[in-house]
Amino acid sequence: MRQLLLSVIVALGLAGCGGALVEQTVPQTLAFAQVDAEETKIAELTEMLLRLGPGVDPEEAARVARIAVEEPLVWAKQWGVVDAPIIHNMQVNSGRKPRGLCKHWAEDLQQRLKRENLQSLDLHRAIANYDSILIEHSTLIVSAKGAAWDQGIVVDPWRLGQGQLYFTPVKKDPKYRWLERSQVFAIKRERKARKAEREARSGQG
């Protein structure tokens with residue numbers, strides 16, 4: 001019984017992966033440390049984007065990196081994200097918080113970067129765990145213009161919690177094995193059609 005209850009709690013927490021603004025007082029020294037950490041992360045992501053290919057515009061890479069690091073931190077405050085991702089998922093699914101599932105981070109970051117009218121970088125959406133006992137997870141991927149999506153970089157503001165950006169090359173992601181979202185949707189449509197056909201045949205019998 002205890003194991004069943006634990007399974008239900010975990011399932012509720014992760015479902016959908018995918019409130020009030022919470023004000024926090026941050027000591028000045030910690031605030032400076034956070035800014036330094038963000039700048040370091042922006043520099044690292046910029047360099048990783050530039051390594052995608054010689055055609056990547058350095059200015060675009062720097063702009064994408066800054067937006068990807070800074071904007072999710074703003075959304076985290078707007079959405080009241082103060083807990084670990086699993087706990088926040090539970091709050092969203094129960095209606096206590098407005099947004100913050102993995103798909104929300106991916107959707108909003110994609111839309112924000114689209115507004116930059118990027119010329120040397122492409123945006124892709126990907127899904128992991130669509131066909132396993134693990135919960136489905138969504139992310140945004142940035143690649144060089146015209147490159148395959150799986151040659152890009154995962155930019156995932158959900159994984160670390162509170163809008164802190166996690167990024168890694170798609171093929172080196174230690175936790176998830178990704179498929180392009182359109183491919184996952186096609187597989188799901190095909191399965192749904194086959195199920196409907198089986199049910200129709202069963203009804204005729």
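Guide: Just beyond helix H3, Gly80 adopts a positive phi of about 70°. Please note that this model is predicted.

Visitor: How do you know that the span of helix H3 agrees with its number of residues?

Guide: Helix H3 covers residues 58-78, which is 21 residues. The expected span is 1.5 Å times one less than the number of residues, and for H3 this comes to 30 Å. The end C-alpha atoms of H3 are 30 Å apart, so the two values agree.

Visitor: What caps the N-terminal end of H3?

Guide: Asp57 does so, with a side-chain oxygen 2.9 Å from the backbone nitrogen of Glu59.

Visitor: Which side chain has a polar atom 3.0 Å from the backbone nitrogen of Asp57?

Guide: That side chain belongs to Ser120. Ser120 is located in the loop between helix H5 (102-114) and strand E1 (121-128). Among the residues that Ser120 touches are Gly55, Val56, Asp57 and Glu60, and also Ser143, Ala144 and Lys145.

Visitor: Why is Ser120 called buried?

Guide: The term applies under 20% relative accessible area. Ser120 has a relative accessibility of 7%, and therefore counts as buried.

Visitor: Which residues of H3 are buried?

Guide: They include Glu60, Ala61, Val64, Ala65, Ile67 and Ala68. Val69, Pro72, Leu73, Trp75 and Ala76 are buried in H3 as well.

Visitor: How many aromatic pairs does the structure hold?

Guide: The structure holds 3 aromatic pairs. One of them is formed by Trp75 and Trp79, and it is stacked.

Visitor: Why is the pair of Tyr176 and Trp178 called tilted?

Guide: The ring centres of Tyr176 and Trp178 are 5.3 Å apart, with 45° between the planes. An angle under 30 degrees would be stacked and one over 60 edge-to-face, so 45° falls in the remaining class, tilted. Tyr176 has a relative accessibility of 6% and counts as buried, and Trp178 is buried at 8%.

Visitor: Which residues do ring pairs link into a cluster with Trp75 and Trp79?

Guide: Trp105 joins Trp75 and Trp79 in that cluster.

Visitor: What makes the contact of Arg63 with Glu59 a salt bridge?

Guide: Side chains of opposite charge can pair when their charged atoms come close. A salt bridge requires the nitrogen within 4 Å of the carboxyl oxygen. The N to O distance between Arg63 and Glu59 is 2.8 Å, so this pair qualifies. Because Arg63 and Glu59 are 4 residues apart in helix H3, about one helical turn separates them.

Visitor: Why is Arg63 called partly exposed?

Guide: That term covers values between 20% and 50%. Arg63 has a relative accessible area of 22%, so it belongs in this range. Glu59, at 43% relative accessibility, also counts as partly exposed.

Visitor: How do you know that the salt bridge of Arg63 and Glu116 links distant parts of the chain?

Guide: The side chains of these two residues, Arg63 and Glu116, meet at 2.7 Å, N to O. Arg63 lies in helix H3 and Glu116 in the loop between H5 and E1, 53 residues apart. Glu116 counts as buried at 18% relative accessibility.

Visitor: Where do the partners Lys145 and Asp122 lie?

Guide: Their side chains, those of Lys145 and Asp122, meet in a salt bridge of 3.2 Å, N to O. Lys145 is in the loop between strand E2 (137-144) and strand E3 (153-156), whereas Asp122 is in strand E1, 23 residues apart. At 49%, Lys145 counts as partly exposed, while Asp122, at 19%, counts as buried.

Visitor: Which residues do salt bridges that share partners join into one network?

Guide: The network consists of Glu59, Arg63, Arg112 and Glu116. The whole structure holds 12 salt bridges.

Notes:
Residues are numbered from 1 along each chain as its sequence is written. This is a predicted model: local features need pLDDT of at least 70, side-chain atom pairs count only at pLDDT 80 or more; totals for chains, interfaces and linings use all residues. Side-chain values use heavy atoms; hydrogens and water are left out. Helices (H or I, at least four residues) and strands (E, at least two) are DSSP runs, numbered from the N terminus. Buried means under 20% relative accessible area, exposed over 50%, partly exposed in between (1.4 Å probe, protein chains only). A polar contact is a pair of N or O atoms within 3.5 Å; within protein, one must be able to donate a hydrogen and the other to accept it, and residues adjacent in sequence count only if both atoms are side-chain atoms. Contact means heavy atoms within 4.5 Å. Rings of Phe, Tyr and Trp (its six-membered ring) pair if their centres lie within 6.5 Å; planes under 30 degrees apart count as stacked, over 60 as edge-to-face and the rest as tilted. Lists of a residue's contacts leave out its neighbours within four places in sequence.
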